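Hi,

Here is the structure I promised to pass on. Have a look first, and my notes follow below.

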Amino acid sequence: IISISNEYLRGSIDRENGRFSLDVIEKDTGTKGYTSLLHSKIPFTSFVAINIGGETIIYGSSKGRWISKPYSQGNKLNSGWKYRNVIVFQQIELAHNPSTGFEDNMRISVVISNTGNPVTIGTAIIFDVQLGEKEPQIFFISDKSTISTESELTGDSLPSYWYTYDNVDEPRIKAYGNLSYSEDQKPDRIIFANWDRLSELWNLRVNSLYDFKRKGTTKFDSAVGIFYDSRLLYQN
């Protein structure tokens with residue numbers, strides 16, 4: 001595991017598989033401590049997935065090969081990976097937050113190129129959200145709506161941001177996701193679901209009758225997925 005940190009956040013990545021985590025740095029303790037915003041137990045459970053010609057491939061998996069294993073550079077974690085003729089670069093960085101004025105955001109960038117024949121490419125970024133020791137039970141979005149069951153928002157219904165608290169009555173930890181991208185970088189869909197369900201990726205058929213508990217249990221395991229639908233990518 002390699003990490004980058006500042007006075008607000010610590011971002012980490014597994015050098016073997018490219019999966020990542022995020023912690024907020026506790027400032028009110030005598031010693032330096034960390035509180036999870038994304039699941040931080042190993043193996044990490046937040047990841048990037050690529051749909052290549054209808055086949056789902058997890059970034060960093062053994063189906064492909066590393067062309068540059070994850071490494072730190074300043075406040076960034078960079079890596080490069082290849083599957084057949086498709087090259088994917090992933091960058092995780094601690095970034096400026098325009099709403100607070102501090103570097104208390106983590107930005108994930110994915111750049112994909114094709115060295116072969118035209119192929120359809122889709123991308124998903126899965127965030128396995130955890131608020132300290134608690135799992136989110138409800139999400140809030142920018143139009144003031146609340147989401148407490150499996151949901152998919154698309155097109156004009158995409159919120160500009162989402163957030164969730166560890167405790168709505170007495171919040172101590174807040175996770176916030178910014179979706180205010182430029183038009184050419186705007187995702188097609190955002191899905192809120194439990195992690196097991198969301199891990200089905202493009203095979204998931206959203207069902208609003210499900211809450212965020214793992215199937216057959218009373219345990220919440222909430223996650224958020226950002227999806228870019230498949231588009232034809234020519235050689236570049």
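Let me begin with R197 and E150, whose side chains meet in a salt bridge, 2.7 Å from N to O (a salt bridge being a side-chain nitrogen of Lys or Arg within 4 Å of a carboxyl oxygen of Asp or Glu). R197 sits in helix α1 (residues 195-198) and E150 in the loop between β13 (146-147) and β14 (151-154), so the pair ties together parts 47 residues apart in sequence. Helices (H or I, at least four residues) and strands (E, at least two) are DSSP runs, numbered from the N terminus. Both R197 and E150 are buried; buried means under 20% relative accessible area, exposed over 50%, and partly exposed in between (1.4 Å probe, protein chains only).

Before you go further: this is a predicted model, where local features need pLDDT of at least 70 and side-chain atom pairs count only at pLDDT 80 or more, while totals for chains, interfaces and linings use all residues. Residues are numbered from 1 along each chain as its sequence is written, and side-chain values use heavy atoms, with hydrogens and water left out.

The salt bridge count comes to 12. One of them joins D229 and R189, with the closest N and O atoms 3.1 Å apart. D229 is in strand β18 (residues 222-233) and R189 in strand β17 (residues 189-194), so this pair ties together parts 40 residues apart in sequence. D229 is partly exposed at 29% relative accessible area, whereas R189 is buried at 15%.

Then there is R84 with E55, a salt bridge at 4.0 Å, N to O. That pair links distant parts of the chain, 29 residues apart: R84 is in the loop between β8 (76-83) and β9 (86-95), and E55 in strand β6 (residues 55-58). R84 counts as exposed at 65% relative accessibility, while E55 is partly exposed at 26%. Together with K63, E55 and R84 are linked in a salt bridge network.

On to the sheet. Four strands form an open sheet in the order β1-β2-β3-β4, with antiparallel pairing (two strands pair if DSSP finds at least two bridges between them). Its edge strands are β1 (2-5) and β4 (33-38), each pairing on one side only. β1 and β2 (residues 9-13) pair in the antiparallel sense over 4 bridges, and the bridge partner of I2 in β2 is I13.

Enjoy!
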